[in-house]
Amino acid sequence: MAKKKLAPIKPHSASNHNAAPLSLINKHSDKPATIGLEYMTYDQLDDFGRELDTVRQRVLDDLGQKDADYIRRVIKVQKASEVLGRVGILFPFFLPVFIVGIALLAVAKILDNMEIGHNVMHGQYDWMNDPMVDGARYEWDNIAPSQDWKHGHNYIHHTYTNIHGMDRDIGYNLFRIDDDQPWYGSHRFNLPLAFLLMLVFEWGIMYHGVELDQYLHGKITKEDFQGRKKRAMQKIRRQVFKDYIAWPVVGLALVPFVGWWAPLAILGANIAANIIRNVWTFCIIFCGHFPAEVQTFAEEDAQNESRGQWYLRQLLGSANISGHAPFHLMTGNLSYQIEHHLFPDIPARRYPQVAEDVKRLVEQYGLSYNSGRLSKQMLSVVRQLAKFGIKPSDPYKIGNSPESKALRRAKREEAARRTEDARTPHLTS
Amino acid sequence: MGIIRRALRSRPVASLTSPLTIDHYLDQIHPMLAAENVRARVVEVIRETGDASTVVLRPNGTWTGFIPGQHVQFGVEVEGKRRIRCFSVSSSRAAKDGTFSVSVKAHPDGYVSQFLHHQLKPKTIVYLSQAEGEFVLPKDVPDNLLLMSGGSGVTPVMSMIRTLRDSGHRGAVTFLHYARSRSDEMFSADLDELAAEPNVTVKRIYTREPAANVDLQGRFDIDHLEHLGIDPTSTLTYVCGPAGLIAGVRDTYAELGAADQLRMEYFKVPSVDLDAADATGTLSFDGAGIEAANSGATILEQAEAAGLKPEFGCRMGVCNTCAIKKNSGAVRHVVSGEIRANTDETIKICVQVPIGDVNVAL
């Protein structure tokens, strides 16, 4: 008796915590997904998937000393910036050193979150078997606990990328960024809210990972939610204690020489560094998924998708930012967001290299490859936030209008009926 | 432990470096500099036989020493990848120069042991764990001891007997060693030397090429003990080696009611029948959301076959690196055959084979 396995697509994960990509399965229908049919046929989609698998395997086979040396060099630079930055902010009486200290501390936090933390936690360096870059163990200099971030990001966001109702990263349940999202009154404040979130972005990521919304909708259990809350509280305590209490207390030693305000200046420097990091990561991440022309998908269209369709969805759902090498380093190579979404678990330093292959395929199949300068992508994001914050004239797009409620109810009933239909033959045969 | 190291390991320092540890920072200055991590520099690599080497190591200050019989997780980096295996400490505890050694037999398909034997150079930095293991001499060593070993199982026993010699142990120690032939035997010169000690009896039995005019031959047998005049019920006995030898000794001691005198350590896990016909059910990896038909191999091997990369160390059930939670189902230990069927228990996946449906947290 052959058992039906839950994983129809062979898992290619380089680490045991990155479960992507498992495709969305419709339990009651074998109908293949419709994603990408406007660009190519099913056969072409399979070829497309195979080509990208080949690109991936080529990089995996080539991993070695140079990749290990690279990430260790980045860690060395990050640690040096952090130590120098922490020393620099002990000089509040000498403004140039103090400001350079804040800048270096911010750079250290950005490198830790982007090129090191984000990428290590994707399992990109798990093959090195070094506990310092082990995706399962790494904990980053960020309020969000890594465990819950990995679930929401590595698993949910990277598997169900840009599928409405599945990917909680579409507007983070806060913004309307896409025409297919229903409009609610709070979306009038899309832009000012985004500005506020930018300043406290790490707290937003933490809150996102607690998944209060999922709990309130009964989608996760109480134990799951309580565990998330507990981990978040513990991380908040540690991070707040370190940045806003312990290091300023070290500054008490300066009081006899500088004055009573020395610890306050150090506290301020830590706040400033955290805000700089928040603004930067917010910009890079919003530019990766929210510019115009980035596509989103409906759950029905993605059910039973093939590997090629999964790849295509990643490609169409992401956007790149162009720039020079130091810029890419500071974005953790997430400026190559498309390549990152195609190959989330290969070391990010390889993205520029695989981008050549991706562009070749894009040309071959006549697809769109969304890329542009930071200013262009950022402007596009701002425009999207402003545009979709305005109340639409179509009542079906307004979330709490009677029309839209009726539409949703009809959709629910239709889905339930289809499910029932699909089950009936099994019951009678 | 130095006062500086103690300060570096304190809570205030930990809260300043949170979420990382002080070692993440010290490591950037020099890998040997650490408050917690054990590192060592290779002093010398000594060729013992055609396929066995002894690696002399000088550890950093975090090393807390070993008890003879213990092993250490030994990691070397090759091509950017750290490879970790468990090796027994083979040196005497009495070494005064702060060094200790591990001895390794190069297995034909053992990457690390081959690397150690052929390529490891002095001055290389290796990544260690603290010494681990329960297969050790007691604090108060009884007068009479029987040490038995087979093949490369000689290493932990060698550490014991060298320590006993250096610490001036005067009781009667019998050392019974089984090897395939004289050329396969490690530490031949040391064993000759030990044999000259008045209170030590060294008996070496070559199972494939028996030496001429010897009184003992073949695999372990109760006659061997009788011939040496040893009473198992009153002699503390250590045995380390392949599963076959240990099974023989264990059964003999059990029959004589001397099981409580026996201390055992397996040196090599018996190979498991890969496509076992009686392998049934489904092995589910909970974290990754993958299921696979049970192939009869160890859970570690099945996880790797499914594309997962769980952590592992010795792959023989000693180092505990691969321990994970088994959510449900029954597993069988490949060495002892012991079956464990509790839900939510921690198992070492390198030596456990699933029986029927098993769900693990991977």
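Buried means under 20% relative accessible area, exposed means over 50%, and partly exposed lies in between, with a 1.4 Å probe and protein chains only. This is a predicted model, where local features need pLDDT of at least 70, side-chain atom pairs count only at pLDDT 80 or more, and totals for chains, interfaces and linings use all residues. Residues are numbered from 1 along each chain as its sequence is written, chains are lettered from A and ligands numbered from 1 in the order in which they are written, and side-chain values use heavy atoms, with hydrogens and water left out.

Start with charge. Side chains of opposite charge can pair when their charged atoms come close. A salt bridge here is a side-chain nitrogen of Lys or Arg within 4 Å of a carboxyl oxygen of Asp or Glu. Over all chains, that rule gives 44 salt bridges.

B:R165 and B:D166 form one of them, with their closest N and O atoms 3.1 Å apart. B:R165 is partly exposed at 28% relative accessibility. B:D166 is partly exposed too, at 39%. In chain A, A:D62 pairs with A:K66, and the closest N and O atoms lie 3.7 Å apart. A:D62 has a relative accessible area of 35%, so it is partly exposed. A:K66 has 42% and is therefore partly exposed.

Now look at A:D243 and A:K109. Is this pair buried or exposed? A:D243 is buried, with a relative accessible area of 2%. A:K109 is buried as well, at 1%. Their salt bridge brings the closest N and O atoms to 2.8 Å. The pair links distant parts of the chain, 134 residues apart. A:D243 sits in helix α8 (residues 222-250) of chain A, and A:K109 in helix α3 (residues 95-121) of chain A. Helices are DSSP runs of H or I with at least four residues, strands are E runs of at least two, and both are numbered from the N terminus.

Salt bridges also join into a network. Its members are A:D148, A:R168, A:E211, A:D213, A:D224, A:R228 and A:R231.

Move to the sheet in chain B. Two strands pair if DSSP finds at least two bridges between them. Six strands form an open sheet in the order β4-β3-β6-β1-β2-β5, with antiparallel pairing. β4 (81-88) and β5 (100-105) of chain B are at the edges with a single partner strand each, so one side of each has no neighbour in the sheet. Inside this order, eight bridges join β1 (residues 38-49) to the antiparallel β2 (residues 52-59) of chain B. B:T49 stands opposite B:A52 in β2(B).

Next comes a loop. B:G171 lies between α5 (154-166) and β8 (173-179) of chain B. B:G171 is buried, at 8% relative accessibility. Contact means heavy atoms within 4.5 Å. Neighbours within four places in sequence aside, B:G171 is in contact with B:D143 and B:N199. B:G171 and B:N199 are 28 residues apart in sequence, yet their C-alpha atoms are 6.4 Å apart.

Finish between the chains. Helix α2 (residues 65-88) of chain A and helix α3 (residues 22-29) of chain B have axes that come within 10 Å and cross at roughly 110°. Axes are lines fitted to C-alpha atoms, for helices over the stretch in contact, and angles run from 0 to 180 degrees between N-to-C directions. α2(A) and α3(B) are therefore roughly perpendicular, a class that covers 65 to 115 degrees, with under 35 degrees roughly parallel, over 145 roughly antiparallel and the rest oblique.
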